[in-house]
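Hi,

Here is the structure I said I would pass on. Please have a look, then read my notes below.

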Amino acid sequence: METVVSGIRPTGNLHLGNYFGAVKAFIQMQHEYNCYFFIADWHSLTTHPKPENIVNNANTILTEYLACGIDPDLATIYIQSDVKEVLELYLYLNMNAYLGELERTTSFKEKARKQPDNVNAGLLTYPTLMAADILMHKAIKVPVGKDQEQNMEMARKFARRFNTIYGVEFFPEPASFSLGDRAIKIPGLDGSGKMGKSEGNAIYLIDDEKTIKKKVMKAVTDSGPTEPNSVKPEPIENLFTLLEIVSTEETYNFFNDQYNNCSIRYGDLKKQLAEDINAYCAPIRERIIDFSNNKEYLAKVATQGAEKARESAIKTIEEVRHIIGFRPIGK
Ligand code: TRP
């Protein structure tokens, strides 16, 4: 089975955009690949050096992953900082990563601009840490969004460079795995763009019925179509996209017909949409609550995941040491 690795930075709760954009695809992939899904808590130190809530955040993501259906018996799910071997590989990769190429990456430049008082070395070497995460398990596929393409190119470059420098065919070059049809882009409720935490337009999996309703009722609309069968402007199209995902076909068609004959009342559509989003999320929400009350289970999952991830990591790092030339003294 091919190996897949993907990491998520623990920056808060999962929202519908995360769920339909990635997590749902992960759930499918765990049946088809040897999956390693991890929580990138070290990476989050590059932007949040004082991690008051780093443990909480990792806990939250773990809980929500499980509630969504990531199955620790199928996939290896772990916390990055539980696998110290990653740091050793990070160090080796950093020895062959050059200042110029690291400085040139767009994400470094962007973050350096955003936090000019904290342009730290971790930020600069973010791509080597990410490469270490991936190469550690010799993954050949990495499901990531477009924004990670440059980091993926770096990971391939570091893999190739390692192989060339040491004259081996050790690390496979990891391909970016476009989630393609498996992922659905969830629009925001503010009329444009996609749903995101920083956009402030997200519905979280943990949101209760009242919160969902409040957010949906506030969604941007217009004064309604005046011509039959008009093209839907983006904010309206967005509501229909959501409806298509969470509602039945009948419901979708019902409102679509109303739109087409100009009799639609957005208030009714939103009410239905809120109800259907709630119905979709309720079982996940209940599992989130159940799991978060079961610390013992969470601890067990994290321990078991770390053990499985370390097994693969130790194997790689031992071979890497041997390739580089580290041998036990006296042997
Ligand atoms: N950089 C990724 C992001 O911000 C998170 C990440 C860290 C990752 N290490 C990874 C993703 C390894 C895939 C594989 O989304």
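Start with Tyr126. An N or O atom in the Tyr126 side chain lies 2.7 Å from a nitrogen atom of the ligand. Please keep in mind that this is a predicted model.

At Asp133, a side-chain N or O atom is 2.8 Å from a ligand nitrogen atom. The ligand on its own has 360 Å² of accessible area, and the protein covers 92% of that.

Now the shell as a whole. The ligand is surrounded by 13 residues. Arg9, Tyr126, Met130, Asp133 and Gln148 are the closest. Sorted by class, the shell holds 7 nonpolar residues, 4 polar ones and 2 charged ones.

Which elements each supply at least two residues of this shell? They are β1, spanning 3–8, and α8, spanning 126–135. The most comes from α8, which gives 4 residues.

One more item, on helix packing. Look at α11 (residues 234–246) and α12 (residues 249–260). Their axes come within 9 Å and cross at roughly 160°. Angles over 145 degrees count as roughly antiparallel, and α11 and α12 are therefore roughly antiparallel to each other. The crossing of α11 past α12 is left-handed.

If you open the model, I would begin at the ligand. Tyr126 and Asp133 each face a ligand nitrogen atom at the distances above. Then move on to the helix pair.

Best wishes

Key: Residues numbered from 1 in each chain as written. Predicted model: local features only at pLDDT ≥ 70, side-chain atom pairs only at ≥ 80, totals over all residues. Heavy atoms only, no water. Near = heavy atom within 4 Å. Polar contact = N/O pair within 3.5 Å; in protein donor to acceptor, adjacent residues only side chain to side chain. Areas by Shrake-Rupley, 256 points an atom, 1.4 Å probe, with all protein chains shown as cover. Nonpolar A, V, L, I, M, F, W, Y, C, P; charged D, E, K, R; others polar. Axes fitted to C-alpha atoms, helices over the stretch in contact; angles between N-to-C directions. Parallel < 35°, antiparallel > 145°, perpendicular 65-115°, else oblique. Left-handed = near helix turned anticlockwise from the far one by under 90°.
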